[in-house]
Amino acid sequence: MPVFKAPFNGYSVKFSPFYESRLAVATAQNFGILGNGRIHVLDLSPGAPGVTETVAFDTSDAVYDVCWSESHDSVLVAAIGDGSVKIYDTALPPPSNPIRSFQEHGREVHSVDYNPTRRDSFLTASWDDTVKLWAMDRPASIRTFKEHAYCVYQAIWNPKHGDVFASASGDCTLRIWDVREPGSTMIIPAHDFEILSCDWNKYDDCILATSSVDKTIKVWDVRSYRVPLAVLNGHGYAVRKVKFSPHRRNLIASCSYDMTVCLWDYMVEDALVGRYDHHTEFAVGIDMSVLVEGLMASTGWDELVYVWQQGMDPRAS
Amino acid sequence: MATHQQTQPPSDFPPPADEKPQIPEVTKPANESQQSQETAAKQDSLPSVFVNSEPIREDQIQNAIKFLSHPRVRGSPVIHRRSFLERKGLTKEEIDEAFRRVPDPPPSSQTTVNSQDVQQAVSNVQPQGQIQAMQTAPAPVVMIPPPSLLSRFRWYHALLAVGVLAASGAGTAVFVKKSLIPKLRSWVRSIMVEEETDPLKKADGQPSLAEEAVAAAKAASAAASDVARVSQEMMKTKSEEMKYFEDLTQLLAVQVREMKSLSTNIRNLEGQSSYIPKVYSADQEAYGGSVRTAAERKHYANGSNVVDYDTRSARSASPPAPSADSSVPPHPKSYMDIMSMIQRGEKPSNIREINDMPPNPNQQLSNPRIAPKSKPWDYGQAPQDESSNGSWWQQKNPRSTDFGYETTASRVVGNQNETNTMEPAAIQRQRSWVPPQPPPVVMPEAAEAIRRPKPLAKIDQEAAASDDQSGVSDELQKITKFSESGGDGSENVKITEIHEETEQQH
């Protein structure tokens, strides 16, 4: 399984929705505390070395998240630590990049997610307590959603309903929003501590998972949201990111400050179905490929990016 | 464009023009049905699923009112009060109702109150509230920092207290010695003088009296000298105590130095090899779980970690992250180094000046080479498994994709910078029929205009899905129309793909 060593600490990894062998990695210098950032576009190749860098873009501040456009195969959007949102086109030569930089958030932008159904807009979540809605062709944000009382760590579109999204915040609430409504439509006090990540079930549009500083992952059904469907214990420290599999309806992948990546089946009594401890620092980024079933990637503060098939050892050569 | 918070969305963005955002969710399905029937059936369930459909709970509102009426709560920002109630599980409607019932300006607006209980609670609290608000408002702010301060400054506090005590003891001893004793002596002398004058006054010469007086004076002077001696001893003990405390502080300083040297030794040792388990730090218990190093990022110029604790704990009504974990994840050693550097106000030396602004802010996006692919969850279950001898990442569970858009694209479109290494033609993949995608969005500006009639596009897809042959021919017709109208390269790609597809069908 190939490994990519980045010069900076990894923060996020995303597979391209167009090319099976392509992924983007967001990295930040000095653990993202203070320093530059870099976005790597990697390509998987059949032979050695397995993964190569196609292009890299340097940024003045840390890159906390990156996502691929769902409408243009060569375009990616980056969430930057100086509050800006930058758009890169890998089909253009690096000196022409970035092609856009939107400076609206008052604090670090922590996550960016592209709408998979409408394919024309994306969300950014920031430490300035707001979520913003953007379209690439517009010079400014379309909407600002300001209700959270603390940093918003992630905003994720519903995979079936193009106007609905969820946001996870440090104010310990998960909010469901509809872009056609002025405010949130649901407020779920999902955890007693900061909620770092959330993701929707791709096959059941009313179910989503949240991960928190309290080391648990909770699975919720919005139709009966007072009590979670499942509480997944097993991580030793805060769970930094959670992701529902695009291929199996009950499979969840998560990564944590305990340096492991875990796989869960929340419908099963003994939910933990896989654990990978290949990282030697906080594991902070994880993604599951939409195009190749079972293909996963993770990155962490150890500056490494691993890509592997479920069931195999990420460190195997 | 609008960046409003709770106002109506601008009319140019998605909703149908006649849909008001303030409409309660019950009437939403009626509005939704104005769109096409197909999506209306779907979206009838949409608003009712992603909203709170529970009735308002009066008991929760009562609890909220009690909370909001508390004098200490009244001093806190509104957003914290809302956040607290949200975390307790109240819905938006319940919170709004509670805020409505608890009057904001304290007295005399009791007409808005609904129930007797609330009235009493409010009226009871308010007279006290005003008095206590002044006292307690500063108190909460003051109370929050000291616990954290105490935990850090316990030793210093103790040493300070000891020092203060020693100094006060020494001061009182000096004071006693210098002022009280002379006063005592003068008093004794005055008594002695009086004693002497008394016998002198008595003419009848009673030597026993005089002797007694002398003896009394001697006793008094002896007592005075005793007092003096005792005070001197006190002084001595005080100075001994001071010496003792000085020794103590010296020992503590020595210990601290030793510990510092130990830690630097450990760091040196660990610095030699990279992937060794990390060093705990009590300073960083806040990052036990929280992502947010925001306070540090902001305050690196100021340099004080204590300031960060204060701002973080003052910012949110919830217990800040330190209390969240029972354990702190061990942070990398270099992370601690960088944090301490920043707290000292230093900047890490490896940061470069980078200009990452767009060179051409009006740069056009390059035309997409590939049409967007359908997601595996759009059409129900995941595709079948099949082992293949292809690239290592496809070995276990290859995904049967759409028509291999990539390979055709790489053949047709020449000017790509990236390598397109996936899907060597050697891989034989079973391709299940997936309805063709809508053409790529060439003019994103039209996206919103498209958004409303989008259901029509969906209906086309649905129709196509149901019938293979007719769908293919429809697509062919569509494509030929496009090519006739002079589409760009992407359309050419589509044509070859459809041709390939039709070839496979046969």
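Is Cys206(A) buried or exposed, and what is its relative accessible area? In this predicted model, Cys206(A) is buried, with a relative accessible area of 4%. Chain A comprises 0 helices and 28 strands, and 82% of its 317 residues count as buried. The points below cover the fold of chain A, one of its sheets, the aromatic pairs, the charges over rings and the cysteines.

**Fold of chain A**

- The secondary structure of chain A consists of 28 strands, with 0 helices.
- Among contacts between residues at least 6 apart in the sequence of chain A, 45% join residues at least 24 apart.

**An open sheet of four strands**

- Strands of a sheet pair through backbone hydrogen bonds, in either a parallel or an antiparallel manner.
- In chain A, 4 strands form an open sheet with antiparallel pairing, in the order β14-β15-β16-β17.
- Strands β14 (152-157) and β17 (184-188) of chain A are the edge strands, each pairing on one side only.
- From one strand to the next, the twist averages 20°.
- Strand β16 (residues 174-178) of chain A is joined to β17(A) by 4 bridges, and the two run antiparallel.
- Within β17(A), Ile187(A) is the residue that stands opposite Arg175(A).

**Aromatic pairs**

- Over all chains, the structure holds 21 aromatic pairs.
- One of them is formed by Tyr11(A) and Trp301(A), and this pair is tilted, with 6.2 Å centre to centre and 45° between the planes.
- Tyr11(A) belongs to strand β2 (residues 9-15) of chain A, whereas Trp301(A) lies in the loop between β27 (295-300) and β28 (304-309) of chain A, so the pair ties together parts that are 290 residues apart in sequence.
- Tyr11(A) and Trp301(A) are both buried.
- Ring pairs also link Tyr11(A) and Trp301(A) into a cluster with Phe31(A), Tyr64(A), Trp127(A), Tyr257(A), Phe282(A) and Tyr335(B).

**Charges over rings**

- Arg38(A) lies over the face of Phe8(A), 5.3 Å from the ring centre.
- The ring of Trp377(B) has the charged end of Lys202(A) over it, at 5.9 Å from the ring centre.

**Cysteines**

- Cys198(A) is buried, with a relative accessible area of 0%.
- Cys206(A) has a relative accessible area of 4% and is therefore buried, as this value falls under 20%.
- A disulfide is a covalent bond between the sulfur atoms of two cysteines.
- The count of disulfides over all chains comes to 0.

Note on methods. Residues numbered from 1 in each chain as written. Chains lettered and ligands numbered in written order. Predicted model: local features only at pLDDT ≥ 70, side-chain atom pairs only at ≥ 80, totals over all residues. Heavy atoms only, no water. Pairing = 2+ DSSP bridges. Axes fitted to C-alpha atoms, helices over the stretch in contact; angles between N-to-C directions. Phe/Tyr/Trp six-rings, centres within 6.5 Å; stacked < 30°, edge-to-face > 60°. Buried < 20%, exposed > 50% of the residue type's maximum accessible area, 1.4 Å probe, protein only. Lys NZ or Arg CZ within 6 Å of the ring centre and 35° of its normal. Disulfide = S-S within 2.5 Å. Contact = heavy atoms within 4.5 Å.
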